[in-house]
Amino acid sequence: MARIETKVAAATITGAAVTVLVYVCSLFGLDVSEAVAAAAVTLLAGLAGYLAPHTPRPDGS
């Protein structure tokens with residue numbers, strides 16, 4: 001089975017975390033519009049994927 005690319009994992013986990021954060025904000029009465037929530041997920045997941053290190057390849061590249 002192939003290893004999961006670190007960049008993909010970082011972006012996926014960040015997207016899920018931001019989604020949960022928006023949900024928790026709604027529980028405390030802070031209304032976050034759908035457009036702002038979607039933009040936050042997209043931007044932060046992209047940033048996390050960009051900043052995460054590359055997964056080393058078996059051939060050393």
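These legends describe close-up views of a predicted model.

**View 1. Helix 1 and its buried side.** Helix 1 covers residues 6–27. It has 22 residues, and the distance from its first C-alpha to its last is 32 Å, close to the 32 Å expected at 1.5 Å a residue. Lys-7, Gly-15 and Val-18 are the buried residues of this helix. They cover an arc of only 75° around the axis, and therefore sit on the same side of helix 1. What covers these buried residues includes helix 2 (34–51).

**View 2. The outward face of helix 1.** Turned away from the buried side of helix 1 is a face that carries the exposed residues Thr-12, Ile-13, Tyr-23 and Leu-27. For Leu-27, the relative accessible area is 56%, and this residue counts as exposed because the cut-off is over 50%.

**View 3. A nonpolar patch on the surface.** Five residues make up this patch: Val-20, Tyr-23, Val-24, Leu-27 and Phe-28. Together they have about 560 Å² of accessible area. Leu-27 belongs to helix 1, and both Tyr-23 and Leu-27 are among the exposed residues on the face of helix 1 turned away from its buried side. Just after helix 1 comes Gly-29, which takes a positive phi of about 85°.

**View 4. Glu-5, ahead of helix 1.** Glu-5 lies in the segment before helix 1. Is Glu-5 buried or exposed? Its relative accessible area is 17%, so Glu-5 is buried, the cut-off being under 20%. Leaving aside residues up to four places away in sequence, Glu-5 touches Pro-53, His-54, Thr-55 and Arg-57.

**View 5. Helix 2 and its buried side.** Ala-37, Ala-45, Ala-48 and Gly-49 are the buried residues of helix 2. Seen down the helix axis, they fall within an arc of 95°, so they line one face of helix 2. Against which element do they pack? The buried residues of helix 2 pack against helix 1.

**View 6. The outward face of helix 2.** The face of helix 2 turned away from its buried side carries exposed residues: Ala-35, Thr-42, Leu-43, Tyr-50 and Leu-51. The buried side of helix 2, by contrast, includes Ala-45 and Gly-49.

Note on methods: Residues numbered from 1 in each chain as written. Predicted model: local features only at pLDDT ≥ 70, side-chain atom pairs only at ≥ 80, totals over all residues. Heavy atoms only, no water. Patch = residues over 30% accessible without salt bridge, like charges linked within 9 Å, V, L, I, M, F, W, Y side chains within 5 Å. Areas by Shrake-Rupley, 256 points an atom, 1.4 Å probe, with all protein chains shown as cover. Salt bridge = Lys/Arg side-chain N within 4 Å of Asp/Glu carboxyl O. Helix = DSSP H or I, 4+ residues; strand = E, 2+ residues; numbered from the N terminus. Buried < 20%, exposed > 50% of the residue type's maximum accessible area, 1.4 Å probe, protein only. Contact = heavy atoms within 4.5 Å. Expected span 1.5 Å × (residues − 1). Arc of directions from axis to C-beta.
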